[in-house]
Structure formats: C-alpha cells, structure tokens
Amino acid sequence: MDIGITLFNHILSNQKINPKATGAFSRLLMAIVVAAKMVQRDVARAGLVDVLGRAGGFNVQGEEVQKLDNIANQVLKRLLFSSGEVCTLVSEEEADLIEVPRQYRRGDYLIHFDPLDGSSNIDANVSIGTIFSIYRRITSPETDPELKDVLQPGLNQVAAGYIIYGSSCMLVYSTGSGVHGFTLDPSVGEFILSYPKIEIPKKGKIYSTNEGNSAYWDQATRDYIDWLKNPDSEHSKPYTSRYIGSLVADFHRNLLYGGIYLYPADRRDPLKPTGKLRLMCEANPMSFLVEQAGGLATTGTKRILEIKPTEIHQRVPLIIGSSEDVKAYQEFVAKSDEKINL
Ligand code: P6P
C-alpha cells in the first residue's frame with residue numbers, strides 16, 4: 001500500500017481482497033477510527049481543563065468536569081455500540097462485561113480496550129494512548145455472549161492496535177497481515193499511511209523498565225538488567241535506558257527503533273503478584289502487534305499469546321520487543337532457579 005493513502009482506503013482495500021468480507025469488520029474498525037479522533041480532540045484540550053475546571057472539579061459553567069479516561073471510555077462505548085458489530089465489550093475502566101444496550105444491533109465481534117492507558121501522565125503532557133483488541137465471538141449469535149467469548153487466548157485476536165496521543169496522533173494496527181502506522185492530519189481530519197509494514201529491528205539498544213521496582217524483582221530480571229548495563233561493545237552494551245511510564249509510548253518507540261520493554265512480576269504489591277499489566281487489554285494486543293512486526297512477547301517462561309485467560313482483568317508479567325533481546329532475557333530466566341513469573 002502506498003504511503004499517503006487514508007486509513008479509510010486501507011481498511012476498504014483489506015475488505016476488497018477478502019471474498020468472505022461482509023463489511024462488518026470494516027464498519028467496526030471505522031468506529032474505532034472515529035472514536036480515536038474524538039478522544040484526540042479531548043486529550044488535546046486537556047491542558048485547558050484548568051481553564052474549564054480540573055477533572056473531578058467544576059468548569060466555569062459550573063458543570064462537573066469528568067476525568068479524561070472516563071470520557072474516553074464513554075466515547076469508545078458509544079461508537080462501538082452504534083457500529084452494530086459488537087456483542088459485548090470489556091473496558092479497563094469497568095469491572096464486568098459491558099452489555100450492548102437493547103436499542104443497538106448486536107454483531108459477532110467483541111473488544112477488550114484500555115480507553116486511556118497511562119492517563120496518570122495527562123497533567124504532565126506526556127504521550128498516552130488507547131489500546132484495543134478484537135475477537136470474534138465463539139458462542140452462537142442467537143444467544144447472549146458468555147464469559148468464554150471474552151476469555152479467549154491472544155492467538156485468537158482478529159485485530160489489535162493502539163492510538164498514541166503524542167506530538168502527533170498516530171493509529172497503529174494489524175489485522176494479521178503486518179503492522180501499519182497512520183498519522184492524523186488534523187487539517188483534514190484523516191489518518192494518512194505514514195509507516196507501512198512496520199518491522200521491529202531484530203536487536204535494539206534500548207531497554208524500558210521501572211528500575212524503582214528492582215528490589216522486588218526476581219534474580220533473573222535483576223541479572224539481565226545488570227548485564228545490559230555492563231560495557232561490552234560486541235553486544236552494543238551498555239544499552240540506553242528509556243522509560244516514559246506510558247506503555248503505548250514506550251512500546252511505540254521500541255517498535256520503530258528496536259529494544260525491549262519489561263514489566264516483570266514483582267513483590268512490591270501483594271495484590272499484584274503476577275505483575276501490573278492486564279493480559280486482555282494491554283499485553284495481548286501489544287503481543288499480537290509485536291509478533292506481526294517480527295518481535296516476541298513473553299512472561300519470561302510463556303508466550304503471551306498462548307496464555308489461556310481465567311479472568312477478564314487478570315495481570316501478567318510482560319517482556320516484549322526485539323526478538324534477540326527477548327530471547328536473551330529468556331536465557332537468564334531459564335538459567336535461574338527462582339521462577340516468580342507465570
Ligand atoms: P509504573 C500506566 O499506568 C501503565 O499501565 C502502563 O501504561 C505503563 O507502562 C505502566 O503502567 C507504568 O507503571 O509502575 O512504572 O508507573
């Protein structure tokens with residue numbers, strides 16, 4: 001596909017080459033595109049919230065100002081419902097399955113999404129993002145969706161992607177035929193193909209992790225990070241440390257430049273013994289993308305996409321990025337006697 005085509009044309013071209021396509025998948029993707037533009041508009045105004053009233057406060061009109069992640073959550077739900085192509089939704093912002101209101105037609109797809117990942121960074125004007133993961137339902141369309149529809153392994157994803165609200169707004173997605181990046185041209189309100197067929201370098205020189213947690217890591221992770229810091233020109237070490245604290249931003253940089261992102265299990269929060277990141281709305285979509293781009297994603301001992309989910313908000317360790325860097329980490333874990341990762 002040529003650089004410069006719109007995301008709309010990219011989606012329709014994919015539909016055209018699929019003889020069984022009904023247009024449902026295209027309508028679903030287009031709903032996400034419209035939601036992305038609306039969230040981008042609201043995120044861009046976040047800096048003005050002080051003028052209008054801080055989140056959780058009241059604006060000059062005396063209206064309560066909602067937190068941006070709640071606004072993003074409502075926008076995505078409304079657009080996905082109105083596509084008529086979803087049978088249920090799971091949002092990082094809501095504890096349970098989200099039922100499609102009766103006034104909307106129900107479809108054969110379901111989506112896990114994090115409406116505004118990294119939202120704690122909003123006030124500092126740091127890049128944040130929306131992450132989505134799309135599956136087909138596995139139960140009969142005549143029946144109500146069930147838990148087994150939303151607890152499918154990541155290998156079953158039919159598409160995944162993210163929108164990054166940064167110096168420019170980008171939408172990066174895959175439907176299983178490579179990873180493609182589109183940049184929003186705000187002057188015309190169109191996403192334009194800027195990074196066709198993204199392939200992550202096999203080996204990077206960047207590692208991204210919150211080293212403030214290192215006292216709570218297992219020994220293998222500590223040894224691996226120490227190894228990355230030891231000067232060794234043969235392995236292009238020491239690596240550079242880059243950590244934004246926003247998964248979409250850290251992942252996007254490593255996808256383009258190469259590198260490894262680690263959020264391993266740690267002992268810091270007894271309530272999160274298997275790591276902080278959510279399997280269904282963070283680890284699985286990013287793992288689908290990185291494998292489509294030639295990279296790897298693991299808990300340290302298991303391929304993320306093969307994990308059989310047990311809860312909709314379950315957390316997993318996530319080590320993801322350039323294939324040679326992830327393999328090097330796995331070798332440290334394999335040599336270690338201690339296994340706190342999944
Ligand atoms: P920490 C944001 O809250 C998030 O879910 C990811 O976007 C980010 O990579 C991670 O958590 C940051 O967590 O513990 O380093 O602040």
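1. Tyr261 stands opposite Ile320 in strand S13. The model is a predicted one, in which local features need pLDDT of at least 70, side-chain atom pairs count only at pLDDT 80 or more, and totals for chains, interfaces and linings use all residues. Residues are numbered from 1 along each chain as its sequence is written, and side-chain values use heavy atoms, with hydrogens and water left out.

2. Strand S11 covers residues 260-263. Helices (H or I, at least four residues) and strands (E, at least two) are DSSP runs, numbered from the N terminus. Ile260 and Leu262 point one way from S11, while Tyr261 and Tyr263 point the other way. All of these residues are buried, a term that means under 20% relative accessible area, against over 50% for exposed and in between for partly exposed (1.4 Å probe, protein chains only).

3. To which strands is S11 joined, and in which sense? Strand S9 (residues 206-208) runs parallel to S11, and two bridges join them; here Tyr207 has Ile260 as its bridge partner. Strand S13 (residues 318-321) runs antiparallel to S11, with four bridges between them. Two strands count as paired if DSSP finds at least two bridges between them.

4. These strands belong to an open sheet of five strands, in the order S10-S9-S11-S13-S12 and with mixed pairing. Its edge strands are S10 (240-241) and S12 (296-298), each of which pairs on one side only. S12 pairs with S13 over three bridges in the antiparallel sense, and Thr298 has Ile319 in S13 as its bridge partner.

5. Helix H7 packs on the sheet and touches S9, S11 and S13. Contact means heavy atoms within 4.5 Å. The direction of H7 makes about 160° with that of S9; axes are lines fitted to C-alpha atoms, for helices over the stretch in contact, and angles run from 0 to 180 degrees between N-to-C directions.

6. Is H7 mostly covered or mostly uncovered? The helix, residues 247-257, is mostly covered, with nine of its 11 residues buried. Among them are Leu247, Asp250, Phe251 and Arg253. Just after H7, Gly258 takes a positive phi of about 95°.

7. A further point concerns Thr221, which lies in helix H6 (residues 219-229). Thr221 has a relative accessible area of 1% and is therefore buried. When its neighbours within four places in sequence are left aside, Thr221 is in contact with Pro264 and Tyr329.
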